[in-house]
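Reader: I've got a structure open on my screen and a few things to ask about it. Can you walk me through it, one question at a time?

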Amino acid sequence: MQQRRCGLSWLVLLLVWGCRWLWPLVWLPGWVVVLIAIWAVLELVALLLAPRRWS
């Protein structure tokens, strides 16, 4: 579950960052992209520092 959430956050970040030139994303404020980037980095840090394992 944690790996999926991390992968999803990075996928969303790459889609938003890569598709900024598309019509609806042109008006997306920069702080929204920064918040998505922070979310992706925090998910990655959480995955690296405290991986949840099946017991």
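Reader: Let's start with Val16. Leaving aside its neighbours within four places in sequence, which residues is Val16 in contact with?

Author: Keep in mind that this is a predicted model. Val16 has its place in helix α1, which covers residues 2-18. Once neighbours within four places in sequence are set aside, the contacts of Val16 are Leu25, Leu28, Val33 and Ile36.

Reader: Is Val16 buried or exposed?

Author: The cut-off for buried is under 20% relative accessible area. Val16 comes in at 12%, so Val16 counts as buried.

Reader: And how far is Val16 from Met1 in space, C-alpha to C-alpha?

Author: Along the sequence, Val16 and Met1 are 15 residues apart. In space, going from C-alpha to C-alpha, the separation is 22 Å.

Reader: On to charges. How many salt bridges does a search of the whole structure find, and which residue forms a salt bridge with Arg5?

Author: Some background first: side chains of opposite charge can pair when their charged atoms come close. Searching the whole structure turns up 1 salt bridge. Arg5 has its closest N and O atoms 3.1 Å apart from its partner, and that partner is Glu43.

Reader: Which parts does that pair tie together, and how many residues apart are they in sequence?

Author: One end of the salt bridge is Arg5 and the other is Glu43. Arg5 belongs to helix α1 and Glu43 to helix α3, so the pair links parts of the chain whose separation in sequence is 38 residues.

Reader: Which residues is Glu43 in contact with, leaving aside neighbours within four places in sequence?

Author: Arg5 is the salt-bridge partner of Glu43, and Arg5 is on the contact list too.

Reader: Take Ser9, then. What relative accessible area does Ser9 have?

Author: Ser9 is found in helix α1. Not counting residues up to four places away in sequence, Ser9 touches Trp39, Ala40 and Glu43. Ser9 is buried, and its relative accessible area is 0%.

Reader: I always check cysteines. How many disulfides are there in the whole structure?

Author: To count as a disulfide, two cysteine sulfur atoms have to be within 2.5 Å. For the sulfur of Cys19, the closest cysteine sulfur is in Cys6, 20 Å away, and that is too far for a bond. The search of the whole structure gives a count of 0.

Reader: Now the aromatics. Which residues form an aromatic pair, and what is its geometry?

Author: The count comes to 1 aromatic pair, made by Trp23 and Trp27. Their centres are 5.7 Å apart, with 90 degrees between the planes. Over 60 degrees counts as edge-to-face, so the geometry here is edge-to-face.

Reader: Are Trp23 and Trp27 buried or exposed?

Author: Trp23 has a relative accessible area of 62%, which makes Trp23 exposed. Trp27 is also at 62%, so Trp27 counts as exposed.

Reader: What about Trp10: which residues is Trp10 in contact with, leaving aside neighbours within four places in sequence?

Author: Trp10 lies in helix α1 and is partly exposed, at 29% relative accessible area. From Trp10 to Val45 the separation is 35 residues in sequence and 12 Å in space, C-alpha to C-alpha. Skipping the sequence neighbours, the contacts of Trp10 are Ala40, Val41 and Leu44.

Reader: Last one. Which residues make the nonpolar surface patch?

Author: Ile38, one of the patch residues, is found in helix α3. Ile38 has 44% relative accessibility, so Ile38 counts as partly exposed. The patch has an area of about 530 Å², and the residues making it are Trp31, Val34, Leu35, Ile38 and Leu42.

Definitions and conventions: Residues are numbered from 1 along each chain as its sequence is written. This is a predicted model: local features need pLDDT of at least 70, side-chain atom pairs count only at pLDDT 80 or more; totals for chains, interfaces and linings use all residues. Side-chain values use heavy atoms; hydrogens and water are left out. Contact means heavy atoms within 4.5 Å. Helices (H or I, at least four residues) and strands (E, at least two) are DSSP runs, numbered from the N terminus. Buried means under 20% relative accessible area, exposed over 50%, partly exposed in between (1.4 Å probe, protein chains only). Patches are made of residues with over 30% relative accessible area and no salt bridge: like charges are joined within 9 Å, nonpolar side chains (Val, Leu, Ile, Met, Phe, Trp, Tyr) within 5 Å. Accessible areas come from the Shrake-Rupley method with a 1.4 Å probe; for residues, only the protein chains shown count as cover. A salt bridge is a side-chain nitrogen of Lys or Arg within 4 Å of a carboxyl oxygen of Asp or Glu. Rings of Phe, Tyr and Trp (its six-membered ring) pair if their centres lie within 6.5 Å; planes under 30 degrees apart count as stacked, over 60 as edge-to-face and the rest as tilted.
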